[in-house]
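Me: I would like to go through this structure by asking what stands behind each label. Please set the values against the cut-offs as we go.

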Amino acid sequence: MILTIPKFYRDVLLTISSFLKYGTDNYLPRLVLSFILLSGRLSLRQLGQQPLIESRHKSNVDRLFNNSEFNTKKVFLQLFQLFFHQQELPFARRWIIIFDTTAKKTKRRWHRRRGNGKRGGKRRLRRRVSNCVQYKKRGKTGTGSQANLWVMGLLITDRGIRIPLPRKSYYTKEYARKHGLKYRSQIDIVVEMLTHLNVPKGVRVILLADSFFESKKMDTICQRRNFTYITPVDSHRCLGNKTGKNNGQRVVSLFDELPPRAFTKITLNHSNEQFASFRRDSGHRRKVIYYAYKKALSIANLGQRSVVFSKKLKIEGRKRSYSNKALLTNNTQLTAPQIIELYELRWEIELFFKELKSYLHFADYNFEDFKAAERWVDLVLIAFLLLEYVRLQKLILLKSSKKKNLLLQARTPQMIEVVRADVNLENLNYLKTALKTNYRRQFLVNTFSKLKLVA
């Protein structure tokens with residue numbers, strides 16, 4: 001329950017959205033705190049009624065999301081820039097940037113045609129959100145479910161602060177043609193994000209992505225900007241001959257040619273990891289065993305690159321099995337253990353997606369207009385970025401190293417509880433002040449009388 005919004009949160013959100021007006025009011029602080037504090041499935045009615053003192057009808061919230069002047073992307077960029085004005089935040093060493101695509105699935109639902117409600121009548125699909133791509137090929141409805149695709153980037157600093165990059169929407173060819181937009185593939189979108197990324201002087205950037213993004217375009221932009229990238233080798237990528245052209249032999253086929261004695265055992269745990277500060281865990285990570293072999297190879301269309309052939313040991317009861325993966329990088333200075341440990345950090349973006357969907361209502365929207373869905377996703381990212389900004393401010397103020405470590409290890413659920421504690425304290429202060437006057441007391445009685453206390 002939010003009676004009123006704490007001053008710190010209101011000041012930050014109003015500062016980054018000073019240009020944003022809807023009528024005579026600015027909805028942003030109320031909306032962002034509702035995304036953070038509400039649990040369960042989020043609806044427009046809950047978004048409007050969560051702040052009791054400043055509640056609004058759900059129709060107002062719906063019109064807000066469909067208003068072209070509600071520029072949430074610009075608000076996100078303003079909050080994004082706040083991190084780079086913090087002198088205490090170390091930017092002078094290394095960034096790890098992870099790219100991946102996430103989807104919001106829209107299930108195909110059948111309903112009876114009008115005037116034909118009898119059993120056995122013809123059925124048709126309900127209207128679904130625009131700009132959908134086919135997500136799965138199989139399903140009870142035949143051609144599978146539909147989904148909106150979002151290309152996301154996650155920046156992790158030396159101290160473990162996670163900063164999501166501005167989201168990019170993937171437009172289908174049909175949607176782009178209909179709205180006069182330029183069609184871009186997912187790889188083109190990532191290349192565009194890397195091209196416009198502002199990197200401070202002296203910062204080394206390491207890019208992590210899955211095999212889908214392993215391409216000539218990715219290699220070119222990383223070489224031009226002096227970025228290191230690590231990706232699994234595409235299953236169709238071949239070796240190059242003396243002129244650099246395709247010789248017909250796939251890189252992954254070399255696994256069968258390597259003898260077992262060529263692989264070196266690598267054991268990773270929390271005590272010997274070089275990049276543990278980028279991983280947000282409690283320090284009780286179990287050890288992981290790899291067998292790796294690093295080799296410099298001529299890759300078709302890419303040139304001379306380092307490839308690490310790794311086998312991860314899996315133990316299930318008495319059974320032992322190995323999962324093979326060939327990791328490609330343009331940095332020949334990295335060792336095999338470093339490459340494997342760095343690529344393990346790619347899982348951080350999967351945890352990031354899970355937190356967005358489980359705690360910040362990423363997949364709760366149900367708009368027919370895709371632009372409204374984009375504004376919803378922007379608000380989710382603003383809420384996540386605000387949690388990281390609160391973490392950073394508290395780290396600056398704390399003096400105890402133990403409390404700092406606990407705050408650094410806290411994930412999104414724990415940071416939500418930190419914000420909830422601040423809001424509850426503000427609620428108590430507001431009640432103490434309001435109960436001193438008859439007018440305020442009557443206002444509180446009228447406000448609480450409107451609550452639905454019984455389900």
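**Labels and their grounds**

Reply: A place to start is Gly-303, which is found in strand S14. The model is a predicted one.

Me: Why does Gly-303 count as partly exposed?

Reply: The relative accessibility of Gly-303 is 26%. Buried means under 20% and exposed means over 50%, with partly exposed in between, so Gly-303 counts as partly exposed.

Me: What is Gly-303 in contact with, leaving aside its neighbours within four places in sequence?

Reply: With those neighbours left aside, Gly-303 is in contact with Leu-297 and Ser-298. Contact here means heavy atoms within 4.5 Å. Leu-239 is 64 residues from Gly-303 along the chain, and their C-alpha atoms are separated by 9.2 Å.

Me: Why does Lys-295 count as partly exposed?

Reply: Lys-295 lies in strand S13. Its relative accessibility is 36%, and the class in between runs from the 20% limit for buried to the 50% limit for exposed; Lys-295 therefore counts as partly exposed. Leaving aside neighbours within four places in sequence, Lys-295 is in contact with Arg-305, Ser-306 and Val-307. Lys-295 and Ala-336 are 41 residues apart in sequence, and 9.4 Å apart in space from C-alpha to C-alpha.

Me: Where is Asn-301 placed, and what is its phi?

Reply: Asn-301 is in the loop between strand S13 (288-299) and strand S14 (303-316). Its phi is positive, about 70 degrees, although Asn-301 is not a glycine.

Me: Is His-361 buried or exposed?

Reply: His-361 has a relative accessible area of 3%. Buried means under 20%, so His-361 is buried. His-361 lies in the loop between helix H10 (347-359) and helix H11 (370-397). It also has a positive phi, about 65 degrees, although it is not a glycine.

Me: Which residues of H1 and H2 meet?

Reply: Tyr-9, Leu-13 and Leu-14 in H1 meet Leu-28, Pro-29, Val-32 and Leu-33 in H2. By class, this contact has seven nonpolar, no polar and no charged residues. Tyr, Leu, Pro and Val count as nonpolar.

Me: What makes H1 oblique to H11?

Reply: The axes of H1 and H11 come within 12 Å and cross at roughly 125 degrees. That makes H1 oblique to H11, because roughly perpendicular ends at 115 degrees and roughly antiparallel needs over 145. The crossing of H1 and H11 is right-handed. Phe-8, Tyr-9, Val-12 and Leu-13 in H1 meet Ile-382, Leu-386, Tyr-389, Val-390 and Gln-393 in H11. By class, the contact has eight nonpolar, one polar and no charged residues.

Me: Why is H2 described as largely enclosed by the rest of the structure?

Reply: 10 of the 10 residues of H2 are buried, so H2 is largely enclosed by the rest of the structure. Among them are Arg-30, Ser-34 and Phe-35.

Me: Why is H7 described as largely enclosed by the rest of the structure?

Reply: Helix H7 (residues 186-195) has 10 residues and seven of them are buried, so the description applies to H7. The buried residues are Gln-186, Ile-187, Ile-189, Val-190, Val-191, Met-193 and Leu-194. Their cover includes strand S1 (94-106), strand S5 (146-156), strand S7 (168-169), strand S8 (204-208) and helix H8 (216-225).

Me: How many helices and strands are in the chain?

Reply: The chain has 14 helices and 15 strands. Of its 455 residues, 49% are buried. Among contacts with a separation of 6 or more, 66% are between residues 24 or more positions apart.

Me: Which element has the lowest mean pLDDT?

Reply: Strand S2 (residues 110-112) has the lowest, at 46, and strand S9 (residues 228-232) has the highest, at 97. The chain averages a pLDDT of 85, and 87% of the residues score at least 70. Where pLDDT is low, the predicted coordinates should not be read in detail.

Notes. Residues are numbered from 1 along each chain as its sequence is written. This is a predicted model: local features need pLDDT of at least 70, side-chain atom pairs count only at pLDDT 80 or more; totals for chains, interfaces and linings use all residues. Side-chain values use heavy atoms; hydrogens and water are left out. Helices (H or I, at least four residues) and strands (E, at least two) are DSSP runs, numbered from the N terminus. pLDDT is the predictor's confidence in each residue, from 0 to 100. Buried means under 20% relative accessible area, exposed over 50%, partly exposed in between (1.4 Å probe, protein chains only). Axes are lines fitted to C-alpha atoms, for helices over the stretch in contact, and angles run from 0 to 180 degrees between N-to-C directions. Angles under 35 degrees count as roughly parallel, over 145 as roughly antiparallel, 65 to 115 as roughly perpendicular and the rest as oblique. A crossing is left-handed if the near helix is turned anticlockwise from the far one by less than a right angle, and right-handed if clockwise.
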